[in-house]
Amino acid sequence: MTDFLQTLVSGIALGCLYAVLALGFVIVARASGILNLAQGSFVILGGYLAYAFVGQLGLPFWVSVLIAMALVAVFAVLLEAFVVHKVTDHFAALLVTFGITIAAAPIITGIWPGDSLNLGDPWKLDVLRIGGIGITARDATLIPITALLLLAFFLFFRYTRIGLSLRATALDPEAAMAQGVSTRFVFGISWAIAGALGAFGGVVLSTTVGGGVRPGLEVYAFLALPVIILGGLESPLGAVVGGLIIGVVQQFAVILVPESWGSGFADVVPYLVMLIILLIRPAGLFGRKEVRRA
Amino acid sequence: MTATITETDLSRNTQARAPRLFGTWTSRLLALLFVVAIFAIPLNIADSYVLTVLATAAVAAIAATGLNVLTGYAGQISLGHAFFVGAGAFAGQVLGGQLGLPFLLWLPLAALFAGALGALIAPFALRLRGPYLAIVSLGLVYIGIYAARNLTPLTGGLNGTVVTAPVSIGPLDFAALQIGPFLLTREQGMFILCWLMLALVLLITANIVRSRSGRAMQAIRDHDLAAEVLGVRRLPAMMNAFVVSSVFAGLAGGLLGVLLQYIRPENFGLDLSIQYVAIIVIGGLASIWGPVLGALFIGLVPVLAIWLAAYLPFISRPGEQGGVSVSGFGLIVYGILIVLFLLFRRGGLISFFRRPGRARPASASAAPAAASEPASGNTTTHNSTKEGPSS
């Protein structure tokens with residue numbers, strides 16, 4: 001039973017990370033219909049910027065994280081305005097954003113070389129014991145913080161004017177424009193949110209035990225892609241629920257799958273779940289069935 | 001069935017004919033020159049490094065041509081092309097090396113194996129419109145590496161495997177080719193083999209894209225709803241494109257195996273997929289010669305990076321710490337060029353050889369692009385419909 005709970009908690013922690021990463025994809029997809037693979041560059045840039053402020057400038061951890069999130073959000077907005085907005089169709093936009101991630105990762109790791117840079121997070125290897133279950137201090141902090149972040153996001157989405165314009169644009173861009181919603185503004189806000197979430201995800205990824213800020217972080221952003229298929233490409237709720245499901249399933253796969261299945265099976269579990277979902281419910285858990293009108 | 005009837009009625013009324021394979025004398029001449037060069041270049045260049053770089057470019061061009069059918073002509077983005085290349089490479093070694101099948105049997109079988117995998121995956125990825133194929137194919141890369149690492153008896157697991165598959169057709173052994181009195185080195189033979197296969201693949205592709213199913217793909221790409229109204233079924237057309245692209249990838253994989261002579265699961269990761277995407281975008285989407293040009297260009301980038309490392313402080317030489325590694329430099333170049341070409345030059349490098357604003361490059365000075373005659377008409381429509389506002 002304790003094993004079960006232990007795995008469940010670490011699965012939820014992993015799921016929170018997936019939810020944050022997936023939400024970044026979903027926000028942009030909802031606003032502009034683009035699958036924004038530049039999310040990978042937000043993740044790696046966020047991680048390394050946080051390192052630059054903590055490790056090189058000596059700022060406190062949480063201040064650095066906030067600054068990194070803000071800077072990456074600005075980067076995302078500029079990227080949208082000056083690069084991605086110039087391409088007219090989704091086909092090119094996908095490739096352009098992919099190209100950005102490809103080019104950004106080696107540039108960033110070239111600026112801050114090293115296989116594993118210590119982010120100096122406040123948790124070290126502390127473990128909290130709650131009723132027989134050991135929860136790492138990292139998980140214990142990150143789960144509520146992620147939950148707060150997601151809650152703030154949903155409140156913003158549901159109750160603010162900007163949130164309303166985001167939803168309106170997702171529902172019907174032309175009608176929203178006719179009502180005076182600036183789509184440029186909506187795109188900008190969406191990319192800013194995606195950038196901030198990506199940077200936060202990058203920081204969280206860098207605090208795993210034995211991890212650190214390291215090359216290859218951008219690829220971890222793509223781990224959220226199965227999540228958005230599971231949850232539905234344009235559903236924020238789906239991103240959160242899908243993230244939690246995949247996180248928990250993956251952690252249980254680590255424990256339960258026999259060794260004879262080979263090394264690295266748990267790493268491909270999200271993709272296998274994705275294939276199953278595409279077979280039985282291709283639109284995802286919270287996706288709407290596609291209706292097309294000319 | 002009604003769709004078939006409408007189609008024949010239409011074609012009778014409008015006299016639509018398939019575009020010709022070699023429309024102009026220029027294209028015929030260039031095709032001839034290409035074939036002559038395949039033999040002339042290795043006989044006149046003995047430098048094994050140059051020949052290997054060029055042979056690798058030919059193999060990359062074969063795989064990229066496959067991706068171009070899918071991405072350029074059918075408009076579906078795949079980031080998992082390396083998966084099918086890897087499937088072809090390992091299948092080639094199992095069939096040719098472990099089972100000892102002859103070249104003429106193992107290479108087609110390896111290609112068909114990759115094609116069968118493609119047919120298996122396609123229904124997952126192509127059921128819905130949208131970026132699903134990009135996501136699924138990205139997953140395939142990781143699933144493929146996991147599978148290759150753990151199927152140790154077939155793939156050698158983590159350590160990979162030496163490729164011992166034969167490369168001889170009857171008495172013609174490409175590893176030690178004899179033309180008249182000359183005994184060629186392995187590099188020279190492999191150059192001829194790879195470029196001949198590329199010529200074959202280009203010929204097949206040129207024929208596919210002007211065929212009925214090829215035009216169906218392009219119709220769906222340009223406007224799926226309009227195409228479906230005209231009786232083109234979306235899913236079969238897309239599946240055709242996907243299977244063809246996987247077969248070419250498998251073929252390239254088999255050749256890559258015998259070219260490298262040693263393959264590991266890590267060879268077929270995301271970086272290889274990125275290369276193929278870069279090749280077709282930089283070379284020219286939806287053109288026959290674009291991937292060839294792109295592959296030659298991409299083949300030059302690492303050579304250039306090693307050369308530049310001596311002059312530019314921020315590129316680290318192999319084995320050095322800090323700065324941008326040679327492979328990292330390649331990725332930066334690919335990424336930036338993908339963005340720049342898509343923003344400013346959707347036609348890719350090949351479009352520099354074409355005359356702007358002309359549907360048919362009729363004049364003799366139209367350079368290699370003229371050989372891709374069957375594609376050029378369609379490419380122009382593709383550009384004009386999609387590029388519109390930005391150009």
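Hi everyone, let's start with confidence: chain A has a mean pLDDT of 88, with 97% of its residues at 70 or more; pLDDT is the predictor's confidence in each residue, from 0 to 100. This is a predicted model, where local features need pLDDT of at least 70, side-chain atom pairs count only at pLDDT 80 or more, and totals for chains, interfaces and linings use all residues. As for labels, residues are numbered from 1 along each chain as its sequence is written, while chains are lettered from A and ligands numbered from 1 in the order in which they are written.

Where in chain A is confidence lowest, and where is it highest? The lowest mean, 77, belongs to strand 1 (residues 127-130) of chain A, and the highest, 95, to helix 3 (residues 61-82) of chain A. Helices (H or I, at least four residues) and strands (E, at least two) are DSSP runs, numbered from the N terminus.

Let's stay with strand 1 for a moment. Strand 1 of chain A pairs with strand 2 (residues 133-136) of chain A in the antiparallel sense, over 4 bridges; two strands pair if DSSP finds at least two bridges between them. One of the bridges joins V127(A) to T136(A) in strand 2 of chain A. This hairpin has 2 residues between the strands, and G131(A) takes a positive phi near 55 degrees there.

Now to helix 10 (residues 224-231) of chain A, where 8 of 8 residues are buried. A residue is buried if 20 or more other C-beta atoms lie within 10 Å of its own, exposed if 12 or fewer, and partly exposed in between, with C-beta atoms placed from the backbone. What do the buried residues of helix 10 of chain A pack against? They pack against helix 1, helix 9 (217-221), helix 11 (236-256) and helix 12 (265-280) of chain A, together with helix 6 of chain B. Just after helix 10 of chain A comes G232(A), with a positive phi of about 110 degrees.

A residue of helix 10, A224(A), also turns up in the largest nonpolar core. A nonpolar core is a set of buried Ala, Val, Leu, Ile, Met, Phe, Trp, Tyr and Cys residues joined through C-beta atoms within 7 Å. The largest one has 226 residues, and those with the most contacts inside it include A22(A), A224(A) and I62(B). Helix 1 (residues 2-32) of chain A gives the most to this core, with 18 residues.

I62(B) touches, among others, M197(B), F248(B) and L255(B), leaving aside residues up to four places away in sequence. Two residues are in contact if their C-beta atoms, placed from the backbone, lie within 7 Å.

Over in chain B, there are 15 helices and 6 strands, and 53% of the 391 residues count as buried. Helix 4 (residues 81-98) of chain B is mostly covered, with 16 of its 18 residues buried. G100(B), which follows helix 4 of chain B, has a positive phi near 70 degrees.

How many residues does each chain bring to the contact between them? Chain B brings 41 residues and chain A brings 40. On the chain B side, helix 6 (132-150), helix 12 (270-283) and helix 14 (326-344) of chain B each give two or more residues.

T183(A) touches T169(A), P173(A) and M177(A), not counting residues up to four places away in sequence.
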